[in-house]
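Dear colleague,

Please find below the structure that I am handing over to you.

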Amino acid sequence: MPMKKNKKTNKRLLLISSTGGHFSELKQLFPLVTNYDYWIVTERDKTTEKLKEQYQERIHYLFYGTREHPVSYIIKLIGNCFRSLFYYIRFRPKIIITTGAHTAGPMCCIGKLFGSKIIFIETYANATTKTITGRIIYHFADEFIVQWESMIKLYPKAKYYGGVY
């Protein structure tokens with residue numbers, strides 16, 4: 001007997017994170033969203049450009065920037081705020097899921113302003129300290145998840161389900 005193919009739901013999801021470890025964590029969630037109408041947003045660099053072949057119209061890019069170069073970082077952050085607004089209006093996600101860093105902050109703020117649910121997953125790399133983005137988004141996230149049980153002390157309203165790996 002052939003298996004039934006799952007229908008896509010009408011829930012619109014946006015998954016966003018900066019590149020590197022945050023994006024590696026976010027990628028662990030990709031198999032869970034295939035039955036949804038979803039988009040992926042990350043920074044453009046040589047490690048993420050090749051994902052265009054695999055995800056085609058589902059992946060979109062923000063400017064890559066690091067705090068090591070403060071002036072260009074601020075300019076790129078401002079540019080990413082406008083790009084985030086553009087992507088938000090284009091996709092109109094009901095739920096925004098992020099594993100963080102600076103790239104995700106503006107999108108989460110925009111999403112909250114327009115009524116999207118925000119799910120923030122604090123990075124696995126931090127077992128004893130808060131991230132800057134986590135400190136901000138913790139106050140308005142609909143679901144705040146930590147990957148270390150010890151982080152519950154720092155984020156009392158967070159939920160712990162284990163790591164994404």
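**The nonpolar cores**

The largest nonpolar core has 23 residues, and those with the most contacts inside it are Leu14, Ile16, Ile96, Met107, Phe144 and Tyr155. A nonpolar core here is a set of buried Ala, Val, Leu, Ile, Met, Phe, Trp, Tyr and Cys residues joined through side-chain atoms within 4.5 Å, where buried means under 20% relative accessible area with a 1.4 Å probe, protein chains only. At least two residues of this core come from each of strand 1, strand 2, helix 3, helix 4, strand 5 and strand 6 (143–146). Helices (H or I, at least four residues) and strands (E, at least two) are DSSP runs, numbered from the N terminus. With four residues, helix 4 gives the most to this core.

This is a predicted model, in which local features need pLDDT of at least 70 and side-chain atom pairs count only at pLDDT 80 or more, while totals for chains, interfaces and linings use all residues. Residues are numbered from 1 along each chain as its sequence is written, and side-chain values use heavy atoms, with hydrogens and water left out.

Leaving aside neighbours within four places in sequence, Leu14 is in contact (heavy atoms within 4.5 Å) with Trp39, Val41, Phe91, Pro93, Ile95, Ile96, Ile97 and Met107. A second, separate core of 17 residues includes Phe30, Tyr55, Tyr61 and Ile95.

Seven strands form an open sheet in the order 3-2-1-4-5-6-7, with parallel pairing; two strands pair if DSSP finds at least two bridges between them. Strand 3 (59–62) and strand 7 (159–160) stand at the edges with a single partner strand each, so one side of each is left without a neighbour in the sheet. Strand 1 (residues 12–17) pairs with strand 4 (residues 95–100) in the parallel sense over five bridges, and Leu14 stands opposite Ile96 in strand 4.

Helix 4 (residues 104–113) packs on the sheet, where it touches strand 1, strand 4 and strand 5 (117–121). The direction of helix 4 makes about 155° with that of strand 4; axes are lines fitted to C-alpha atoms, for helices over the stretch in contact, and angles run from 0 to 180 degrees between N-to-C directions.

**Question for your study**

Which strands does helix 3 (residues 70–91) lie across? Helix 3 lies across strand 1, strand 2 (37–43), strand 3 and strand 4, and runs at about 155° to strand 3.

Yours sincerely

Definitions and conventions. Buried < 20%, exposed > 50% of the residue type's maximum accessible area, 1.4 Å probe, protein only.
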